[in-house]
Amino acid sequence: MTPDLPGFSVSLCNCRNIESIIVDKIDSNKDDFVSEEELELWIKNVQNRHMFENVEHQWNEFDLNKDGLISWEEYRNVTYGSYL
């Protein structure tokens, strides 16, 4: 059953293909099984990637003058805006 949303259509076959792709990425020893250790490592890698992407995004947002440094004034202006 697929959700009744415009533009949302996923067939069972497509879901299995997606599942296979994901398992292939997680299964580091290629034994066609995902062990607890493999899943834990994959989750940690995904979390780290997300964290680094978030830091990069935040850095670009806070570094108002684009000098590669964030001054206290830049941090304060972005964080608190016109409240201070």
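Analyst: Exposure terms to start with: buried means under 20% relative accessible area, exposed means over 50%, and partly exposed is in between (1.4 Å probe, protein chains only). This is a predicted model, in which local features need pLDDT of at least 70, side-chain atom pairs count only at pLDDT 80 or more, and totals for chains, interfaces and linings use all residues. Residues are numbered from 1 along each chain as its sequence is written, and side-chain values use heavy atoms, with hydrogens and water left out.

User: OK, why is K44 called partly exposed?

Analyst: K44 has a relative accessibility of 44%. That value sits between the 20% and 50% limits, so K44 counts as partly exposed.

User: What makes K44 and E40 a salt bridge?

Analyst: The term asks for a side-chain nitrogen of Lys or Arg within 4 Å of a carboxyl oxygen of Asp or Glu. In K44 and E40 the closest N and O atoms are 3.1 Å apart, so the pair qualifies. Both residues belong to helix 2, four residues apart, which is about one turn of the helix. E40 is partly exposed too, at 41%. A search of the whole structure turns up one salt bridge.

User: How do you know what the fold is made of?

Analyst: From DSSP runs, numbered from the N terminus: helices are H or I with at least four residues, strands are E with at least two. Here the protein chain comes out with three helices and zero strands, and its pattern along the sequence is α-α-α.

User: What makes I18, I22, V34, L39, W42 and I43 a nonpolar patch?

Analyst: Patch members need over 30% relative accessible area and no salt bridge; nonpolar side chains (Val, Leu, Ile, Met, Phe, Trp, Tyr) are joined within 5 Å, like charges within 9 Å. Take V34: its 36% is over the 30% limit, and it is also partly exposed. Together the six have about 460 Å² of accessible area.

User: Which elements supply the nonpolar patch?

Analyst: Helix 1 (12–26) and helix 2 (36–62) give at least two residues each, and helix 2 gives the most, with three. V34 sits in the loop between helix 1 and helix 2.

User: Is F62 buried or exposed, and what about Y75?

Analyst: F62 has 13%, which is under 20%, so it counts as buried. Y75 has 33%, which puts Y75 in the partly exposed range.

User: What makes K30 and D32 stand out in the backbone?

Analyst: Most residues other than glycine have a negative phi, and most peptide bonds are trans. K30 has a positive phi of about 55° without being a glycine, and D32, also not a glycine, has a positive phi near 65°. K30 lies in the loop between helix 1 and helix 2, and D32 lies in that loop as well. K30, at 55%, is over 50% and so counts as exposed; D32 counts as exposed at 64%.

User: How do you know how far to trust the model?

Analyst: pLDDT is the predictor's confidence in each residue, from 0 to 100. The mean for the protein chain is 85, and 81% of its residues reach 70 or more. Among the elements, helix 1 has the lowest mean (80) and helix 2 the highest (94). Where pLDDT is low, the predicted coordinates should not be read in detail.

Methods:
Accessible areas come from the Shrake-Rupley method with a 1.4 Å probe; for residues, only the protein chains shown count as cover.
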